[in-house]
Amino acid sequence: MEAFEGQIRIFESVIPNTVKVGEPIYYSEPLVEYAPGSKVCEMYRSLAREVAGYEG
């Protein structure tokens, strides 16, 4: 990571690789409606907050 310091933004949020990410596709629903309380959904929200707060 130090090699890229100051060149690219590394976010703290880590999106887990779970079955929940792919399941909503079969039901034609967004993840936030299919599994709003899931860990993966919360991590996407966390990433969105990080991106929104980044002034690049």
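Select helix H3 and display its buried residues, which are Val40, Cys41, Met43, Ser46 and Glu50. Here, buried means under 20% relative accessible area, exposed means over 50%, and partly exposed lies in between (1.4 Å probe, protein chains only). This is a predicted model, in which local features need pLDDT of at least 70 and side-chain atom pairs count only at pLDDT 80 or more, while totals for chains, interfaces and linings use all residues. Residues are numbered from 1 along each chain as its sequence is written, and side-chain values use heavy atoms, with hydrogens and water left out.

Keep helix H3 selected and view it from end to end. H3 covers residues 39-53, 15 residues in total, and its first and last C-alpha atoms lie 21 Å apart, close to the expected 21 Å (1.5 Å times one less than the number of residues).

Now move to Ser13, in the segment before helix H1 (19-26). Is Ser13 buried or exposed? Its relative accessibility is 13%, so Ser13 counts as buried. Display its neighbours: leaving aside residues up to four places away in sequence, Ser13 touches Met43, Ser46, Leu47 and Glu50 (contact means heavy atoms within 4.5 Å). Among these neighbours, Ser46 has its side chain joined to that of Ser13 by a polar contact of 2.7 Å. A polar contact is a pair of N or O atoms within 3.5 Å; within protein, one must be able to donate a hydrogen and the other to accept it, and residues adjacent in sequence count only if both atoms are side-chain atoms. The Ser13 side chain also reaches the backbone nitrogen of Leu47, at 3.3 Å.

Return to helix H3 and select Val51. Val51 has a relative accessible area of 44% and is partly exposed.

The next stop is the loop between H1 and H2, where Ser28 is found. Although Ser28 is not a glycine, its phi is positive, at about 55°. Ser28 is exposed, with a relative accessible area of 68%.

Which rings form a stacked pair? The structure holds 1 aromatic pair. Its rings belong to Tyr27 and Tyr34, with centres 5.4 Å apart and planes at 15°, so the pair is stacked. Rings of Phe, Tyr and Trp (its six-membered ring) pair if their centres lie within 6.5 Å; planes under 30 degrees apart are stacked, over 60 edge-to-face, and the rest tilted. Tyr27 is exposed at 52% relative accessible area, whereas Tyr34 is partly exposed at 26%.

Finally, display the whole protein chain. It contains 3 helices and 0 strands (DSSP runs: H or I of at least four residues, E of at least two). The radius of gyration is 14 Å, well over the 10 Å that the globule rule gives for 56 residues, so the chain is more spread out than a compact globule; the radius is taken over C-alpha atoms, and the rule is 2.2 Å times the number of residues to the power 0.38. Along the principal axes, the C-alpha atoms fill a box of roughly 40 × 20 × 15 Å. Of the 56 residues, 18% count as buried.
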